Amino acid sequence: MNFVESAERQALREAVAELGRSYGHEYYLEKARGGGHTSELWDEAGRLGYLGVSVPEEYGGGGAGIGDLAAVCEEFCAAGTPMLLMVVSPAICATVLARFGTDEQKKHWLPGFASGQVRMSFAITEPDAGSNSHRITTTARRDNGGWVLNGRKVYISGVDEADAVLVVGRMEDARTGNLKPALFIVPTDTPGFEYREIAMDLVSADKQFGLFFDDVRLPADALVGSEDAAIAQLFAGLNPERIMGASFSLGIARYALGKGVGYAKERSVFGAPIGSHQGLAHPLAQVKIELELAKLMTQKAAALYDAGDDFGAGEAANMAKYAGAEVAIKAVDQAVQVHGGNGLASEYGLGTLIGAVRVGRIAPVSREMVLNFVAQHSLGLPKSY
Ligand SMILES: Cc1cc2nc3c(=O)[nH]c(=O)nc-3n(C[C@H](O)[C@H](O)[C@H](O)COP(=O)(O)OP(=O)(O)OC[C@H]3O[C@@H](n4cnc5c(N)ncnc54)[C@H](O)[C@@H]3O)c2cc1C
């Protein structure tokens, strides 16, 4: 067991942090407030190989693990340039395709994931199913050797930036006639597919969308991998999603903590820096401790996943995602408090983070569903729902 990251990963972190800082939080906010995207940063990160760090080498990627991709995500967030699409496109979509795609799908999509030129959204959430993904009704029926897809999705991130959406739906089992899960790749320009932006009280460069599939005709090879592997495909995407969700939160927590500590050292009201008052110093110290704990759990989850232990990684990834989200909320809240009135002034760049970190308690899986998982699987308690 080693608690020190490899020299390569540390160097990767430094290089990514430098790139993120060269753009900075003001660049991010300008894009987010203006309805734009962080495309310049995404493209540069892609050219430098940071977005494709976990794509297999034979497809032009870095051949590293989810731990390295999580480090990239964390450093961009810590630099004040969070890219939500990183949680979805290179982590969930590229991983599912690399592990379960057909040879043709891998050849078609993975080089683009490696260079960052391909962006793919991931759509599972439906208005009537919510956290209960067993209830999704988006369904594909066979038609002339291809598929016809109908259904709806909500809160899908980054669709306006994406080339395609990896859609979790259902299809009829040819043997039993029962509906079973299936994943489809739907290019965003496919006729019958529409998306509409959902107005959100979030200041984010990555927007959320409602999706509408109205007799969307897809070729046979739109189905990911083999017909019977959808459950395994879904599970393969869950751990990376949670590990990336954790690293996204951790990076924002680091950014906020840095701001809070910096201000606590500089600002003086009663003749001494406000950070000398324990009422401010202790909550910052608590955030530091909880941040380090959450980071350790994220690294454990990534290490287990990269070692091929999907099952072991599941518990750690859920715990990491929970801990990351909670410490990010606490870090931003305390950084705002340390800043007094300035904490809510646009100039100080903290107020918009209140909503940003709140997302981590809801998505990609809610706090309560993580607690359900731990209660049932780690503690053996009865299922409550
Ligand atoms: C900014 C943002 C981006 C998102 N991006 C994506 C995306 O790219 N792709 C995608 O597919 N989805 C995305 N989502 C959707 C997200 O994954 C869901 O919002 C989340 O899983 C919760 O589902 P829901 O909103 O339907 O809430 P619901 O399932 O309706 O739950 C409402 C509340 O009830 C609680 N609850 C429900 N069931 C139980 C239970 N059994 N026990 C205890 N409590 C329970 C929940 O925890 C929650 O607090 C995004 C959401 C947001 C806000």
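**Domains, ligand and core**

Mentor: Ten residues of domain 2 are in contact with nine residues of domain 3, where contact means C-beta atoms, placed from the backbone, within 7 Å. This is a predicted model: local features need pLDDT of at least 70, side-chain atom pairs count only at pLDDT 80 or more, and totals for chains, interfaces and linings use all residues. Residues are numbered from 1 along each chain as its sequence is written.

Trainee: What classes of residue are on the side of domain 2 that touches domain 3?

Mentor: That side has six nonpolar, three polar and one charged residues. Ala, Val, Leu, Ile, Met, Phe, Trp, Tyr, Cys and Pro count as nonpolar, Asp, Glu, Lys and Arg as charged, and the others, Gly among them, as polar.

Trainee: Where are the domain bounds?

Mentor: Domain 1 is 7–119, domain 2 is 122–228 and domain 3 is 231–378; the bounds come from an automatic or database domain assignment. The C-alpha centres of domain 2 and domain 3 lie 30 Å apart.

Trainee: And the ligand, where does it lie?

Mentor: The ligand lies between domain 2 and domain 3, because both give residues to the shell around it.

Trainee: Which residues come nearest to the ligand?

Mentor: T125, G130, S131, S366 and E368, out of 22 residues around the ligand; a residue counts as near if its C-beta atom, placed from the backbone, lies within 6 Å of the molecule. The elements giving two or more residues to that shell are β1 (120–123), β3 (146–157) and α10 (367–378). Helices (H or I, at least four residues) and strands (E, at least two) are DSSP runs, numbered from the N terminus. By class, the shell has 13 nonpolar, eight polar and one charged.

Trainee: Changing topic. How do β4 and β5 run, parallel or antiparallel?

Mentor: Strands β4 (residues 164–172) and β5 (residues 179–187) run antiparallel, joined by nine bridges; pairing requires at least two bridges found by DSSP. L166 has I185 in β5 as its bridge partner. The two strands form a hairpin with six residues between them, and G177 in the turn has a positive phi of about 80°.

Trainee: Which residues have the most contacts inside the largest nonpolar core?

Mentor: V165, F184 and V186, in a core of 117 residues. Such a core is a set of buried Ala, Val, Leu, Ile, Met, Phe, Trp, Tyr and Cys residues joined through C-beta atoms within 7 Å. Helix α8 (residues 310–338) gives the most to this core, with 16 residues.

Trainee: What does F184 touch?

Mentor: Leaving out residues up to four places away in sequence, the residues F184 touches include A140, W147, L149, V167 and L218.

Terms used
A residue is buried if 20 or more other C-beta atoms lie within 10 Å of its own, exposed if 12 or fewer, and partly exposed in between; C-beta atoms are placed from the backbone. Two residues are in contact if their C-beta atoms, placed from the backbone, lie within 7 Å.
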